[in-house]
Amino acid sequence: MLEARAVQEQSAAGPCPAGFVLGLDVGSSVIRCHVYDHATLIRGSSAQKIESLYPQAGWVEIDPDVLWLQFVTVIKESVQAAGIEMNQVVGLGISTQRGTFITWNKKTGNHFHNFISWQDLRAVELVKSWNNSLRLKLLQNFCRVLHFFTRNKRFLTVSLFSFTNQHVSLRLAWILQNLVEVQNAVEEDNCCFGTVDTWLLHKLTKGSEFATDFSNASATGLFDPFKMHWSRILTSLLSIPLSILPPVRDTSHNFGSVDEEIFGVPIPIVALVADQQSAMFGECCFHTGDVKLTMGTGTFLDINTGNNLQHSVGGFYPLIGWKIGQEVVCLAESNAGDTGTIINWAQELDLFTDAAETEKMAKSLEDSEGVCFVPSFSGLQAPLNDPCACASFMGLKPSTNKYHLVRAILESIAFRNKQLYELMQKEIHIPVTKVRADGGVCRNNFVMQMTSDLINANIERPVNIDMPCLGAASLAGLAVGFWADKEELKKLRQSEVVFKPQKKWQEYEMIMENWVKAVKRSMNWYNKM
């Protein structure tokens, strides 16, 4: 369990306006709550580690009962650490990991199974089968023809669409196909589906509210962002009944209040948002061309595309960033699945005792002496898109020591960042205006500087790197008038440091070529013969 703490920033903030806003982030590895004042300074916080369950090879789950207890605990602890009362909280915003879902009994509220994590690979065969299916190819070709005649972007997007393991769609289809209890509940119109945000809202309101927001819905692979509702085509194709899906609301919205029995007072729930979109909002990436690079459990690269949805062949997906009233902001996103996970894994192998050591270890060497690491515990995402790739070290020698291994691990994160950034520049034709980083791994100056060199761009690191919490709190604060508008939030944002290119990326060309060779040899490793 991580400790709750009071953050002593009051003197810098001056007199505190009445009230505070809570920002929660239910991530893949940590659940965190911050208490924010009007200056967006953290007055108190609490965090607990989320334990993933691995019931079978490739399966990744989370116990919902444990998660609920942790959620309630971090709120109570952070408020206590801030030295305030619950009735001083004017609004609650919740950011959640995307693609992780659950189903439950509509009448009793009891869940049918654990949360199925976005990292879960149980639907790998379904994904391959559907992507190679005649039905999907006919749909893609039909939409390609329609796009040719109409130039409608919606048809272009469907023509490029393919399923991924990280989308909810086929993992939910797997549940519907394999769990008899869920099948029976669907037939009796007694089944509810929800991503983490929907389930938490249901629990906080003791079953009186059932909803999600546009940012979370758009990340499921079941939503039509052009029509702004659940896709009848995709749900019909996969035999997923629309009746189990929640209504979709604005991101900054009055979702109801926490039942008084939980915290003693009815706290308004005024923002639900997906974690990457929340981080984008927290970074104040409000303008077209603004880019966010999150390096947490995985790496997520997002670019603000204004009110235009953009899709790419290589693996950038269109998402709704947020919807507030009439404002709809779109993002294009791609990701690498393993970033923080490989750092944690290396720590568990005793390559170092604290992640902060890795920067010094890497800098103590001129290079990794030819050692390459492929970060692929959950396959390789864009631009390679191979769920069957394996994680591996290559180029090991008798002289290889743990310092070489650690440097190779950190280099692999920077190389994946470059791959995603290059793909974005190639396929999303929007000039980049700024690049801002967040997430735990962005604390590592070695990774940050190498990434800046490789992409030949300045990268800003903010003072507060827990962006999903800040984004959720910002959206909640806007809903209740705690902050007047986004311009006020921009003025409050602070950068800690700006990393500027110090080397030409060509100086890394040879070691990156070797790394790419290692990646290619790790691909298709787990394919069944």
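The model is predicted, so local features need pLDDT of at least 70 and side-chain atom pairs count only at pLDDT 80 or more, while totals for chains, interfaces and linings use all residues. Residues are numbered from 1 along each chain as its sequence is written, and side-chain values use heavy atoms, with hydrogens and water left out.

Let's start with the rings. Searching the whole structure turns up 20 aromatic pairs (rings of Phe, Tyr and Trp, the last by its six-membered ring, with centres within 6.5 Å; planes under 30 degrees apart are stacked, over 60 edge-to-face, the rest tilted). One of them is F148 with F149, an edge-to-face pair at 5.2 Å centre to centre and 85° between the planes. Both F148 and F149 are exposed (over 50% relative accessible area; buried is under 20% and partly exposed in between, using a 1.4 Å probe and protein chains only).

F149 sits in helix α4, residues 134-150 (helices are DSSP runs of H or I, at least four residues, numbered from the N terminus), and its relative accessibility is 64%.

Now for a pair on the inside: F415 and W515 are both buried. Their rings are tilted, 5.3 Å centre to centre with 40° between the planes. F415 belongs to helix α15 (residues 402-427) and W515 to helix α19 (residues 509-522), so this pair ties together parts that are 100 residues apart in sequence.

Setting aside neighbours within four places in sequence, E411 is in contact (heavy atoms within 4.5 Å) with S368, F446, M450 and I511.

Rings meet charges too. The charged end of K418 sits over the ring of W505, 4.0 Å from its centre, and R122 lies over the face of W174 at 5.1 Å. The test is NZ of Lys or CZ of Arg within 6 Å of the ring centre and within 35 degrees of the ring normal.

How values were computed:
Helix = DSSP H or I, 4+ residues; strand = E, 2+ residues; numbered from the N terminus.
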